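Work through these exercises with the model open beside you. Try each task before reading its solution.

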Amino acid sequence: MSRNQNTQLLSILPPLKLSGLSRTIIKNIWIGIKKCGGNWKQHVQSNVVHAFKRTDMKNGGGISGPMGDTISANKSRCRKITLKIPTNSGDNINKHQAPHKTITVYIVWYPDSVPPNIDAMMSRIVAWFCFIVPFVRPDCGCSDHTDVFLLLTSHDSVMPTSGEKLVSDKLFSAYTYTCRKHNEMYVMRQSVWFKALIHESFHTFGLDFSDASFEPVKQVIRNAFPGIANNVEIRLYESYTDIWATICYTIFSVRFKPTRSNATQRRVVNAVPFITIEKELHRQCCFAVLQSAKMLKHTNSSIHSMISRSNSKKYTEELMVFSYHVLRPLYMTDLNRFIEWTARHNDTRDYLRFRVENIEAFARLLTDVLTTDWSSVWHKSGEVLKRLDVNGFLSKTACLSHPI
Ligand SMILES: [Zn+2]
């Protein structure tokens, strides 16, 4: 992106200045990730280099894919690593005796994948799981074991070898189940694998409220958006999940940024680099609003018409635009407010795990946002989109990767 395009993007929202309370939460995450950033191999239970060759399945080996298909061993390769991750932070406890979860990571790549750097990937994966597993919901044997399939495809949601479609909705790049005892997680695009892994972890380990019934609360949202049809799905938990996934991903990106002297060495930083994190988070928030403007233009709709009572034609959708590209970016217009809300409503020790009794308060937080000056923000994002979209490509595609 050119300097001018970057300036345009960053002009959508005022610069982010984290409040004292928000900084405390960000600092906790930073320290937690840093504590987990040691040698990933200390958590390994088994490590199979040529996983396909070792299997004795029919047709030359393979593993079961997300839609009951078999991921063929003929043209792809797979690394299989099983990890033992403590459910407490492990302080002063013998790691081998501590309560733990086991996670088996399958990294699968194809002839047209960018060859993965397994060591760099595993450093991030283990640091993430080591950080997040202590937050796991304690009451249900939640994800005692999880198989994580990282399918490093270069095409959106399509298996490169067979052309087979992996998911029915082209917006999805991953999925999992909430808190199954023996769980599975699938991540299907190489370009966004780590962000998707972080996002799915919130569902896998029961940190959001994706398995809660919250019909009355949905009515709070419907009342605020009378211009949407009744069959538009309201997945409020996706906003909670994806905003935290974005924040954690941003902190990881800053923490693991390669140094100039050695691209593979992690930077050693003692103080929390708040200014860098604020700039990156600001960029993510601006991007979320720009993406919203793009998706709304693509679907020929607007937030104004969704909150209007007088619209005769109600908003309907095939893609999940409303939950991902209306609710989420609205929360992100005031990230401090979102982080502070979390700090005040979650438990102090388990500050990333949503308390299910707070769903209505979370919906009310969104209706508060609608009383602010969001309209001028979306107007501005529409203007920026127009200026950046010189050849008209951006508004024609539903692609979720960075559009510029
Ligand atoms: Zn999700």
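**Exercise 1. In which sense do E4 and strand E5 pair, and over how many bridges?**

Solution. This is a predicted model: local features need pLDDT of at least 70, side-chain atom pairs count only at pLDDT 80 or more, and totals for chains, interfaces and linings use all residues. Residues are numbered from 1 along each chain as its sequence is written.

Step 1. Helices (H or I, at least four residues) and strands (E, at least two) are DSSP runs, numbered from the N terminus. Strand E5 covers residues 100-109, and strand E4 covers residues 77-86.

Step 2. Two strands pair if DSSP finds at least two bridges between them. E4 and E5 are antiparallel, with 10 bridges. Look at Arg 79: its bridge partner in E5 is Ile 107.

Step 3. Turn to strand E1 (residues 44-48). E1 and E4 also pair in the antiparallel sense, over 4 bridges. Here Asn 47 has Ile 81 of E4 as its bridge partner.

**Exercise 2. Find the order of the strands in the open sheet.**

Solution. Step 1. The sheet has 6 strands in the order E1-E4-E5-E6-E8-E7, and the pairing is mixed.

Step 1. E1 and strand E7 (174-176) each have a single partner strand, so one side of each lacks a neighbour in the sheet.

Step 2. E7 runs antiparallel to strand E8 (residues 182-187), joined by 3 bridges. Thr 176 has Met 185 in E8 as its bridge partner.

Step 3. Touching means contact: C-beta atoms, placed from the backbone, lie within 7 Å.

**Exercise 3. How many residues of strand E4 are buried?**

Solution. Step 1. A residue is buried if 20 or more other C-beta atoms lie within 10 Å of its own, with C-beta atoms placed from the backbone.

Step 1. In E4, 7 of 10 residues are buried, so the strand counts as mostly covered. Across the protein chain, buried residues make up 40% of the 404 residues.

**Exercise 4. Locate the largest nonpolar core.**

Solution. Step 1. A nonpolar core is a set of buried Ala, Val, Leu, Ile, Met, Phe, Trp, Tyr and Cys residues joined through C-beta atoms within 7 Å.

Step 1. This core has 102 residues; among those touching the most other members are Phe 129, Leu 150 and Val 289. Domain 1 (1-35 + 212-404) and domain 2 (36-207) both contribute residues, so the core lies between them. The domain bounds come from an automatic or database domain assignment.

Step 2. Follow Val 289. Residues it touches include Ile 12, Pro 329 and Trp 378.

Methods
Buried ≥ 20, exposed ≤ 12 C-beta atoms within 10 Å, placed from the backbone. Contact = placed C-beta atoms within 7 Å. Lists of a residue's contacts leave out its neighbours within four places in sequence.
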